[in-house]
Amino acid sequence: MMPVSMTISDLGELPGDVLIFGGCYSNLQATEALVAEAAARGIPAANLICTGDVVAYCTDPVATVRVVRASGAVVIAGNVERQIAAEAADCGCGFEAGSVCDRLSSGWYAFAAAACDADVRGWMAGLPDFLIFRHGPRRYAVVHGGATDIARFLWPSSGDDLFLEEFAAIEAIAGPVDGIIAGHSGIAFERVVHGKHWINAGVIGMPPHDGRQMTRFVLLTDRGAMIERLSYDAPGAAEAMVRAGLGQGYHEALITGRWPSEDVLPREMRVVQDFASG
């Protein structure tokens, strides 16, 4: 549901390439690799944007927050930041009750919430709900899941009407935009609906259920949005999860590139189709 009052940060014009990433997911190894990638590409801190959920499944929530803050990246709040800041009982991810994601989230969320001290929670509480910026001729908004719901899942196969609903909600608050850049779902993709671009930057802390260890981020250039792959020490991140007692299945996903929670995906995106459900 859309918050009663949304906080907006306008970054103005961003010249040069812009690197946009989301879902660090407490994966310190991936976060350090992303910051190194940005430095190697010459991306200034002002052009480094995070779509939220810095903290989630993996082992190092506080260290990951520290690296992101030190990078100078502009960060918006994900649902996890909002929930931890409010000391809420669950992640607020919008998972269907009884789903694998719903069951597994209780373990990683409790771990992450317990690790975050008052300083981290205060930083999370101060994050804006979304950003506005200009890049070349286009005006973009950055949201987490959606403008109507911070934890909204939109997929490559979602209907045009759902994307148009989000554009209408953003534009009612911030005026016309040419594109929206989002995160939350964990799958990087771009859709063009009625001439407007919906770009999901994916996440860096978990592979996009494609059988590979590499994760995803987006590079916004004068040629448009380029979905890029991020290589990092996935085995090291997985081993750290096991040592921390977070061997629930997501540690294996870092290695296999397959989520333990396919039921959150639309049927057409699942590797193992659930034909019994109709």
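**Entry 1. Burial, and one arginine**

I count a residue as buried when its relative accessible area is under 20%, and as exposed when that area is over 50%. I started with Arg 191, which has a relative accessible area of 16% and is therefore buried. The model I am reading is predicted. I then looked for the partner of Arg 191 and found a salt bridge to the side chain of Asp 160, at 2.4 Å from N to O. Asp 160 belongs to helix α6 (residues 160-174) and Arg 191 to strand β8, so the pair ties together parts that are 31 residues apart in sequence. Asp 160 has 38% relative accessibility, so I noted Asp 160 as partly exposed.

**Entry 2. Confidence**

The average pLDDT is 92, and 91% of the residues score at least 70. I marked residues 273-278, where pLDDT stays under 50. For that stretch the model has six contacts beyond four places in sequence.

**Entry 3. The sheet of six strands**

I traced an open sheet of six strands and wrote down its order as β1-β5-β6-β7-β9-β8, with mixed pairing. Its edge strands are β1 (8-13) and β8 (189-193), each of which pairs on one side only. From one strand to the next, the twist averages 20 degrees.

Strands β5 (residues 130-135) and β6 (residues 138-142) run antiparallel and are joined by five bridges. Arg 134 stands opposite Arg 139 in β6.

**Entry 4. The sheet of five strands**

I found another open sheet, with five strands in the order β4-β3-β2-β10-β11 and mixed pairing. β4 (74-75) and β11 stand at its edges with a single partner strand each, so one side of each has no neighbour in the sheet. I noted that α1 packs on this sheet and touches β2 (18-21), β3, β10 (215-221) and β11. The direction of α1 makes about 130 degrees with that of β11.

How many bridges join β3 to β4? I found two, and the strands run parallel. The bridge partner of Ile 49 in β4 is Val 74.

**Entry 5. Salt bridges around Arg 41**

I listed ten salt bridges in the structure. Two that I followed up involve Arg 41. With Glu 37, the side chain of Arg 41 meets in a salt bridge of 2.8 Å, N to O. With Glu 228, Arg 41 forms a salt bridge whose closest N and O atoms are 3.6 Å apart. This pair links distant parts of the chain, since Glu 228 is in strand β11 (residues 224-230) and Arg 41 in the loop between α1 (28-40) and β3 (48-50), 187 residues apart.

Is Arg 41 buried or partly exposed? At 35% relative accessibility, I counted Arg 41 as partly exposed. Glu 37 is partly exposed as well, with a relative accessible area of 23%. Salt bridges that share partners join Glu 37, Arg 41 and Glu 228 into one network.

**Entry 6. Aromatic rings**

I counted nine aromatic pairs. Trp 108 and Tyr 109 make an edge-to-face pair, with 6.2 Å from centre to centre and 75 degrees between the planes. Both of these residues, Trp 108 and Tyr 109, are buried. They belong to one aromatic cluster along with Tyr 25, Tyr 57 and Tyr 250.

I also looked up Phe 133 and Tyr 140. Their rings are stacked, with centres 5.4 Å apart and 25 degrees between the planes. Phe 133 and Tyr 140 are both buried.

**Entry 7. Positive phi angles**

I noted Glu 87, where phi is near 55 degrees, a positive value in a residue other than glycine. Glu 87 sits in the loop between α3 (79-85) and α4 (100-115). Its relative accessible area is 61%, so I recorded Glu 87 as exposed.

His 209 also has a positive phi, near 55 degrees, and is likewise a residue other than glycine. Where is His 209? I found His 209 in the loop between β9 (196-200) and β10. At 7% relative accessibility, His 209 counts as buried.

Definitions and conventions. Residues are numbered from 1 along each chain as its sequence is written. This is a predicted model: local features need pLDDT of at least 70, side-chain atom pairs count only at pLDDT 80 or more; totals for chains, interfaces and linings use all residues. Side-chain values use heavy atoms; hydrogens and water are left out. Two strands pair if DSSP finds at least two bridges between them. Helices (H or I, at least four residues) and strands (E, at least two) are DSSP runs, numbered from the N terminus. Axes are lines fitted to C-alpha atoms, for helices over the stretch in contact, and angles run from 0 to 180 degrees between N-to-C directions. Rings of Phe, Tyr and Trp (its six-membered ring) pair if their centres lie within 6.5 Å; planes under 30 degrees apart count as stacked, over 60 as edge-to-face and the rest as tilted. Buried means under 20% relative accessible area, exposed over 50%, partly exposed in between (1.4 Å probe, protein chains only). A salt bridge is a side-chain nitrogen of Lys or Arg within 4 Å of a carboxyl oxygen of Asp or Glu. pLDDT is the predictor's confidence in each residue, from 0 to 100. Contact means heavy atoms within 4.5 Å.
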